[in-house]
Amino acid sequence: MASGCLTSFHVPCGELESAFGARGYVLNALVVAMHVVPLLIGTFIGAPLLARELESGTFRFAWTQGTGRTRWVVTKLVLLATVVGALTCALGLVFGWYVHPFDAVGYSSRWLPGRFDVTGLTLAAWTLFALALGAFLGLLIRRTVAAMAATVALAGALLVAAYWRLDEQLLGLGPRVARASPDGWAVGPLHTYVTSQLPSNPGPPGSWLISSWYTGPGGGRLSADAANLLLGRLAVMFKPAATVNDATAWLTAHHYVYWVSFQPPGRYWLFQGIEGAVLLGLALVLALATVALVRRRG
Amino acid sequence: MNAIECSGLAKRYGRTWALKECSLAVPGGHIVALVGPNGAGKTTLLQLATGLSRPTTGSITVLDHVPAGSLDALERVAFVAQDAPLYQHLPVAAMVALAEGLNPRFERIRAARRLLELDIDLHRKVGKLSGGQQAQLALTLALARRPELLILDEPLARLDPLARHDFMAALMVATVEDGLSVMFSSHVVAELERVADYVVVLASGRLQVAGDIADLLGGHSMLTGPAGEAEELAARLAAVQVRPAGRQARVLVRRPAATPPPAGWESDEVSLEELILAYLRAPSASALPGPVGPSEGRAADGPRDLAAAPDGARRGARRRRGARDRAGRERDRDARRVLPDRGLRLPDVVPRAVR
């Protein structure tokens, strides 16, 4: 259940959650499918682009025509990159449109590692990177099948690394820190965003929560064990008839503060831009290396 | 005009030298046969001439000092690589369109007319054509570029005798119509005279023979006589090769067949096949035109291959070239002056000079 749901919709949360939860498997399948797109294009279009020419000997035809090999390879790369870039960008936008309701009810978040890499911008950037990587490896390896295997392995490894670690590292850069409601309720149960609707809100809706912690009466940060101990004590003290507000009042009275670090929603496109720029930069470097190698070969 | 000119050209793949110290000037307007056994460096030389390969050392230019592989050269030189590598999955029409897109001077009508004459279906996939048809298609695409120099690597290798005949006929018609220079490689030496009028022989990466076929044949003769006297005669006449044939011996020498033979010997004209095979069997002998320096006329570092050419051969070649190429003669004179004698490394079978 998401706290966005509590305030934004005049529908019982349970119903909303089950309605979207029933579609959750579609969402997950689509997220996986979107990650396969760069791999497919890198493997089946990028890798054979030059490897097949070198393997079958047709490069001897292509490179001895009047336009010359430089223009040939540049045209090939630019045309393909334009088409592939436009199509994957459109695909990312369509996917974003489909998935928006899941975000609105708080079932999913655009900040999630699986989601962050498949927007219109990042999906296109990943795909162009895989395309350039495939072309470059094909030129180095000169065997179509081997180049395809190397491309899927390398691009796949990088995508998985982004999913598990790199996105987290990127989104953890320079977070904002704020006091939240002392009981931590202001932070949604999904722990993926922070909402503004509840009291003592630390950030606008659509933020990305990175971490949260308590500080004690002395101002020191509580360890995870200490925090658990405190919550356990609260549970005993205010059982059974007490309300959340009693606990909150007690925490406030005893100078316990709940903190969150998060990325505000305004930074979403900044981080999208960073990831996109890094990937497009890598793609450009690979493409330039490919052109240089084609020119120098022989 | 020189169709192909190289100076001190060498190409190394890993540790193997595919081509060594090759200096050569092939005049334009000829059909040049580049012959040699498998692995002699023919493909290497042709790929250097088309810019597919880059020289390890030395330089190569085409069509009068245009660097091989430059955009200017690519526009004026057409190349049909070994086994005519075309895009097998494309229909013929698409292949023609592709060639048109890749060549500013491409003449589509000409290509289409030729394919019609050859009865090649434009809608068929290239991969479904016979070997002969693919070779013809590759030649058609190359000719439609209106090249000034056409280079073909083993164009005959995959063809049956009939297709071979058709292919060469097409090539010769085109040569006459367009006045282009042609260089093709072949490891088959039979029947070359019918097609080519200039021959270049490569053996193990080394240039061995280069010259106008008529001049080469006119400058050599086969002496037949008693086997006992053969060695002595061979030593005296700078023979290229001695072949025992029973009690008789056949000695290939560098002098016109009309020259009166020594007593007891008969002098015959030599066929191109005999001549080429004789040189290939005597790897240290060579028959090359005078030294070809770089285009500026600098020949101080005379390549060893040329220096090794016996005086007789050089003199003959010089006489030939002199009429055509005044600048070349100047170069030769320079080269003669600067070529040091110590550079001569004469083969055992060839005595120092014919005096």
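Five bridges tie strand E1 of chain B, residues 2–13, to strand E4 of chain B, residues 57–62, and the two run antiparallel. Before I go on: this is a predicted model. Please keep that in mind throughout.

Back to that pair of strands. Here is one bridge to find on screen. Ala10(B) has Thr57(B) in E4(B) as its bridge partner. E4(B) also pairs with strand E5 of chain B, residues 66–67. That pairing is antiparallel too, over two bridges. Look for Thr61(B), with Pro67(B) of E5(B) opposite. E4(B) and E5(B) make a hairpin with three residues between the strands. Which residue in that hairpin takes a positive phi? Leu63(B) does, with a value near 45°.

Next, the domain layout of chain B. Domain 1 comes in three segments: 2–89, 125–215 and 290–302. Domain 2 is one segment, 221–269. How far apart are the C-alpha centres of the two domains? They lie 34 Å apart.

Now a helix pair in chain B. Helix H5 covers residues 131–143, and helix H6 covers residues 161–178. Two numbers describe such a packing: the angle between the axes and the distance between the axes. For this pair, the angle is about 10° and the axes are 10 Å apart. Angles under 35 degrees count as roughly parallel. H5(B) and H6(B) are therefore roughly parallel to each other.

Who meets whom? From H5(B), the residues are Gly132(B), Ala135(B), Gln136(B), Leu139(B) and Leu143(B). From H6(B), they are Ala163(B), Asp166(B), Phe167(B), Ala170(B), Leu171(B) and Ala174(B). By class, the contact has eight nonpolar residues, two polar and one charged.

Hold on to Leu171(B), one of the H6(B) residues in that contact. Leu171(B) is also in contact with Val182(B). Val182(B) lies in strand E8 of chain B, residues 181–186. Is Val182(B) buried or exposed? Buried, because its relative accessible area is 1%, and the cut-off for buried is under 20%. Leave aside neighbours within four places in sequence, and the contacts of Val182(B) are these. One distance, for scale: the C-alpha atoms of Val182(B) and Gln88(B) are separated by 26 Å. Along the chain, those two residues are 94 residues apart.

On to another part of chain B. Four strands form an open sheet here, in the order E12-E13-E11-E14. The pairing is antiparallel. Strand E12, 241–245, and E14 stand at the edges. Each has a single partner strand, so one side of each is left without a neighbour in the sheet. From one strand to the next, the twist averages 25°.

What joins E14(B) to strand E11 of chain B, residues 221–226? Three bridges do, and the strands run antiparallel. Find Thr224(B), and opposite sits Glu266(B) in E14(B).

Stay in E14(B), residues 266–268, for Ser267(B). Ser267(B) has a relative accessible area of 19%. Buried means under 20%, so Ser267(B) counts as buried. Which residues does Ser267(B) contact, leaving aside neighbours within four places in sequence? They are Ser221(B), Met222(B), Leu223(B), Ala257(B), Thr259(B) and Pro261(B).

Last, chain A. Chain A has eleven helices and three strands. Along the sequence, the pattern reads α-α-α-α-α-α-α-α-β-β-α-α-β-α. How much of chain A is buried? Of its 298 residues, 47% count as buried. And a number on contacts between residues at least 6 apart in sequence: 76% of them join residues at least 24 apart.

The three strands form an open sheet in the order E1-E3-E2, with antiparallel pairing. Strand E1, 176–180, and strand E2, 208–215, are the edge strands of this chain A sheet. Each pairs on one side only. Neighbouring strands are turned by 25° against each other on average, direction ignored. E1(A) is joined to strand E3 of chain A, residues 257–263, by five bridges, and the two run antiparallel. To locate that pairing, take Val177(A): Ser261(A) in E3(A) stands opposite.

That's my tour. Over to you.

How values were computed. Residues are numbered from 1 along each chain as its sequence is written. Chains are lettered from A and ligands numbered from 1 in the order in which they are written. This is a predicted model: local features need pLDDT of at least 70, side-chain atom pairs count only at pLDDT 80 or more; totals for chains, interfaces and linings use all residues. Side-chain values use heavy atoms; hydrogens and water are left out. Axes are lines fitted to C-alpha atoms, for helices over the stretch in contact, and angles run from 0 to 180 degrees between N-to-C directions. Angles under 35 degrees count as roughly parallel, over 145 as roughly antiparallel, 65 to 115 as roughly perpendicular and the rest as oblique. Contact means heavy atoms within 4.5 Å. Ala, Val, Leu, Ile, Met, Phe, Trp, Tyr, Cys and Pro count as nonpolar, Asp, Glu, Lys and Arg as charged, and the others, Gly among them, as polar. Buried means under 20% relative accessible area, exposed over 50%, partly exposed in between (1.4 Å probe, protein chains only). Two strands pair if DSSP finds at least two bridges between them. Domain bounds come from an automatic or database domain assignment.
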